[in-house]
Amino acid sequence: MYFLLAAAFAGLIFLAGTSRLSRGNYGLVKGTPEIKSISGLAFGPDGILLVGDSKSATVFAIDTEDAVSNAQAPAIEIKNIDQKIAALLGTEAQNITIQDIAVNPVSKNVYCAVQSGDGTPVLFKISGDKIEAVSTKGVMFSSLTLNGAPSEEAKDKRGNSLRVSAISDIGFAEGKVLVSGLSGQEFASTFRSIPFPFTDKQDQATLEIYHAAHGKYETLSPIRTFTTAEISGKKYLVASYTCTPLVLFPLDELKPGSHVKGRTVAEMGSGNSPIDMVTMKKGGESFLMMSNSSRPVFKVKYKSIETFQGSLTTPVEESFATAGVDFVSLPVTNVIQLDKLDDTRMVLLQRRSNGSLDLWTSSERYL
Amino acid sequence: MFSLTFFVLISMVACQKKEHDDHITIHWKDKKASSISIFNQNLGSISGDSISDLVKISLKNGENKVAILGNFSKQGDSLIFEPLVPFTRGLDYELIIRNQSSGAFTIPDAADKDAPELTGFFPSGDTLPENLLKVFLHFSHPMREGQSGKFVALVKGNSDTIQGAFLDLQPELWNENRTILTLWLDPGRVKRDLQPNKKLGAPLQSNASYHITVSPEWQGSNGGKLKTAFKKTFLTTSRDSISPAPASWKISFPKTDTKQPLNVDFLESLDHSLLNETFSVTTRKGETLPGQWHIGPKEKSAQFKPNTPWKQENYILKVETRLEDLAGNNVNRAFDGDVSKGNKSPSSAEIITVPFNTVE
């Protein structure tokens, strides 16, 4: 803890001391980020890539220098992308894992985090059908160590840290980096809202699900994935949990040290774990799209969440237990990763029924 | 030490000769093939700038002979190639200069002595509640991530493998060194009245025999497979919905002027991982006593041995309320509290204090 604090503090001093040299307003400094793992990717402003590193409990902000606007992005389609990436890494597809994908909202290039069998993280950029490795040597970056490390790090006989945790998702909204964390120890959720550019501030709220569907049990549970959306003019965190309910939290209630109860609006089925969520728009209507470990991609109209939200102001009838918000299952299964290319198109990483792992772009007709 | 190093060098040289052409040498770092050096007379005519255009390393059996990503550098008469990720054990590689195959090498399989082992499984008890929430696997070496779904199984009786018992999480929950993995029994199925629970039922039922198996096919990050298969057998008891209660724990008071351990008996098994972090002993003034904690059999007790003898004083055992039992009930609240039964709101205290004295 002391070490982490000291390191974070030293980092801040370092950043503060060199800010005059840094680019723009983001407090970035040239160097080589020590990334130990990439569990989540998201884009901040101006092509700045946010990397969630579970192993070092750190969020990195890296300038990709890939900020040329591309309003008419062509659809991306790469078949057997895992085999192609594996060949570039000199190995077979079974020895790599695609950890996350994120579309740069400015250039529309797809960034892809890969972990090799030995644990080495590698970042790729995909533009058109070109796959290239992104070097993180000598880049403009800043980082923030997440707080909440245990006061005295317990070690096993070999000196390994016993602390088990992961960043389950990372996002960017309203000028803040949003990070949800999973602990392998306590069964709870931490949700951090970190102002960007990084300062010494990181707000941490604990979240609780109130199972409005039956109004009976209140539980703690870890967030698996999230997105943000505006419902009836109010900004919400839309979170999906490891136990699969879909829960809404008003963003303005997630204040430092607060304990916020969210409302369950839907349960998305059994034996399933949510993977990714994005908010899409078509013709004035907005949709929540959600990929799942063992279900097709779900589509939920925010309008129906809005209506459902209204009905939850009074104690909820037992009959809601199985109802919740209506959602449509799209004829797209085994989607491992999902991100938004633009308002109406998504980039999907899908394991096809023939076993091929393909990266492709969905058309407007899926909305 | 010197003789050992010498022996290792001899064995590496012997090993390398079999695996590659004489002019390619594999270099190892942390038992991973991290680079190769190439000594080839055809390289002399290639300028530094054009190396990456004219020289490539590719998988021998790969389609299109794709150039492996990495860095070339010159070191004396040799050319060093460091791939972005270490070469994979058991695979064959090819050196291609000016589109001509100019050599080959094979990365040998991991030595048996480097095979990882499963060194610990928690909870270690053989009787566990039907709403058991998580298990911990400890390994001797860093393991390959994202594989637990393939290699860990929950089996009822002798043959009935329970599908989807463990939560499919990406990323999996590993510690920094990738030696400890947490697996959750699908919490949606454990929690009462959620859809997964209603439709599929809980992963475990009470009064039954189960085992958890770990396949020896699981590879460590150095490519070696687990030395042996692992099997943990246990019986289930009924649901545990009660929070751990420090006030009811049995504390054996240590003797003054000795380093006798303070023994705390929980009367139930608690979470191994949190036991390592949530306990401390202080004086009444709040100074933390240096010493060692030891977790007792089946995680039912913990002992604290102070570095210096106990004084004739009142001490305080401090317990962080995030401590959980095997079913995810923490000191402040049950895993899924039934609010309809008029339970009082859970306490928000972060620490519970249990005072104790030393005895003469």
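## Terms and model

Buried means under 20% relative accessible area, exposed means over 50%, and partly exposed lies in between (1.4 Å probe, protein chains only). By that scale A:K79 is partly exposed, with a relative accessible area of 44%.

This is a predicted model, where local features need pLDDT of at least 70, side-chain atom pairs count only at pLDDT 80 or more, and totals for chains, interfaces and linings use all residues. Residues are numbered from 1 along each chain as its sequence is written, chains are lettered from A and ligands numbered from 1 in the order in which they are written, and side-chain values use heavy atoms, with hydrogens and water left out.

## Salt bridges

Over all chains, the structure holds 23 salt bridges. Each is a side-chain nitrogen of Lys or Arg within 4 Å of a carboxyl oxygen of Asp or Glu. A:K79 forms one with A:E77, and the closest N and O atoms are 3.1 Å apart.

A:D82 and A:R351 also meet through their side chains in a salt bridge, at 3.6 Å from N to O. A:D82 sits in helix α2 (residues 81-88) of chain A and A:R351 in strand β24 (residues 346-351) of chain A, so the pair ties together parts 269 residues apart in sequence. Helices (H or I, at least four residues) and strands (E, at least two) are DSSP runs, numbered from the N terminus. A:D82 is buried, at 8% relative accessible area. A:R351 is partly exposed, at 32%.

In chain B, the side chains of B:E324 and B:K134 form a salt bridge (2.7 Å, N to O). B:E324 lies in the loop between β22 (314-320) and β23 (336-338) of chain B, and B:K134 in strand β10 of chain B, so this pair ties together parts 190 residues apart in sequence. Both B:E324 and B:K134 are buried. Salt bridges with shared partners also join A:K55, B:E145 and B:R178 into one network.

## Nonpolar cores

A nonpolar core is a set of buried Ala, Val, Leu, Ile, Met, Phe, Trp, Tyr and Cys residues joined through side-chain atoms within 4.5 Å. The largest has 27 residues. B:V135, B:L137, B:L154, B:F166 and B:W218 touch the most other members. Apart from it lies another core, of 25 residues, among them A:I76 and A:I126.

## Aromatic pairs

The structure holds 28 aromatic pairs over all chains. Rings of Phe, Tyr and Trp (its six-membered ring) pair if their centres lie within 6.5 Å; planes under 30 degrees apart count as stacked, over 60 as edge-to-face and the rest as tilted. B:F304 and B:W310 pair edge-to-face, at 6.1 Å centre to centre and 65 degrees between the planes. Both are buried.
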